[in-house]
Protein chains: 2
Amino acid sequence: MGVKAINIPLEFAVLDRLIHDPTRLTLISLLFVVESADFVFLKTQTNLTAGNISSHMTKLENAGYVMVKKRFVGKRPQTMFRLTAKGRRAFDKYRNILSDALSGLPE
Amino acid sequence: MGVKAINIPLEFAVLDRLIHDPTRLTLISLLFVVESADFVFLKTQTNLTAGNISSHMTKLENAGYVMVKKRFVGKRPQTMFRLTAKGRRAFDKYRNILSDALSGLPE
DNA sequence: ACAAACTAGTTTGCACTACAAACTATATAT
DNA sequence: ATATATAGTTTGTAGTGCAAACTAGTTTGT
């Protein structure tokens with residue numbers, strides 16, 4: 001028979017690409033822990049450029065993972081972000097798949 | 001002072017992109033556990049197309065993460081892949097960064 | 001009052017990437 | 001001979017991430 005049958009359940013393939021990108025992983029994780037954050041907070045906590053944050057958050061918004069509320073604080077525009085229930089579920093699922101896959105490896 | 005200073009160490013940004021891609025993550029993980037595998041094995045264990053595997057493995061080879069040995073088995077070509085020491089180190093580091101970052105999150 | 005510098009973002013352009021389809025080359029079956 | 005299968009590689013294309021450039025407004029300096 002030669003080689004024994006091997007079955008390694010590597011579920012990396014089904015990881016949500018929208019979450020998996022490192023930049024969005026950072027942004028989503030931040031939103032996950034702080035519940036709600038504005039643009040400036042995201043910018044100072046990360047080392048991302050404004051443009052980068054903007055386009056990624058738009059992508060997350062279009063996916064329905066993030067809610068956006070714009071208002072003025074004093075005279076300045078402020079953009080607030082918050083994970084939606086859908087976004088939270090997607091992130092939970094992502095984490096579970098990833099940590100399961102990682103823990104399935106030896107060592 | 002308003003809001004307390006928050007410092008969340010999210011190290012996702014430094015993840016090795018070469019490893020982070022889900023397809024390569026799958027391929028590298030496979031090599032990590034089986035030590036050495038041929039093209040056909042990688043193809044049957046994953047649901048990837050041959051072209052996809054080919055280009056990803058070339059990328060990993062160029063990065064010095066994977067060694068390739070070609071030979072004939074009977075009359076058929078066989079391409080064997082194996083993680084290099086460098087590749088193994090990179091993968092170990094990747095796993096550590098990722099699991100640390102994940103475990104830093106609440107819940 | 002006017003300009004320069006700063007704040008808060010969005011849009012654009014480019015270089016790179018992943019993916020499957022198409023291809024090469026050889027072997028086997030009919 | 002022709003068709004089908006195996007073992008891959010190369011090519012073409014659509015999509016992506018990123019910073020630079022831009023928009024719109026505010027504050028500061030003189």
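Begin at B:Thr23: an N or O atom in its side chain is 2.8 Å from a phosphate oxygen of DNA strand C. This is a polar contact, a pair of N or O atoms within 3.5 Å; within protein, one must be able to donate a hydrogen and the other to accept it, and residues adjacent in sequence count only if both atoms are side-chain atoms.

The model is predicted: local features need pLDDT of at least 70, side-chain atom pairs count only at pLDDT 80 or more, and totals for chains, interfaces and linings use all residues. Residues are numbered from 1 along each chain as its sequence is written, chains are lettered from A and ligands numbered from 1 in the order in which they are written, and side-chain values use heavy atoms, with hydrogens and water left out.

**Stop 1: DNA strand C**

Select DNA strand C and the 21 residues that surround it. A residue is near a strand if one of its heavy atoms lies within 4 Å of it. The closest are A:Arg17, A:Ser54, A:Thr79, B:Arg24 and B:Lys59.

Next, pick A:Lys70, where a side-chain N or O atom is 2.9 Å from a phosphate oxygen of DNA strand C. At A:Pro77 the partner is a sugar or linking oxygen of DNA strand C, 3.4 Å from a backbone N or O atom of the residue.

Now colour by element. Helix 3 (39–45), helix 4 (50–62) and strand 3 (76–83) of chain A, with helix 2 and helix 4 (50–62) of chain B, each supply at least two residues of this surface. Helices (H or I, at least four residues) and strands (E, at least two) are DSSP runs, numbered from the N terminus. The surface near DNA strand C has four nonpolar, nine polar and eight charged residues. Here Ala, Val, Leu, Ile, Met, Phe, Trp, Tyr, Cys and Pro count as nonpolar, Asp, Glu, Lys and Arg as charged, and the others, Gly among them, as polar.

**Stop 2: DNA strand D**

Move to DNA strand D, which is surrounded by 21 residues; the closest are A:Thr23, A:Arg24, B:Arg17, B:Ser54 and B:Thr79.

Select B:Arg17: a side-chain N or O atom is 2.7 Å from a phosphate oxygen of DNA strand D. For A:His56 the corresponding distance to a phosphate oxygen of DNA strand D is 3.0 Å. A polar backbone atom of B:Pro77 is 3.3 Å from a sugar or linking oxygen of DNA strand D.

**Stop 3: between the protein chains**

In contact (heavy atoms within 4.5 Å) are 28 residues of chain B and 27 residues of chain A. The two chains bury about 2,500 Å² between them, 73% of it on carbon and sulfur atoms; buried area is the accessible area (1.4 Å probe) that two parts lose on being put together, summed over both. Three residue pairs are in polar contact between chain B and chain A (both at pLDDT 80 or more).

On the chain B side, helix 1 (17–20), helix 2 (22–34), helix 3 (39–45) and helix 5 (85–103) give two or more residues. Helix 2 of chain B gives the most, with nine residues.
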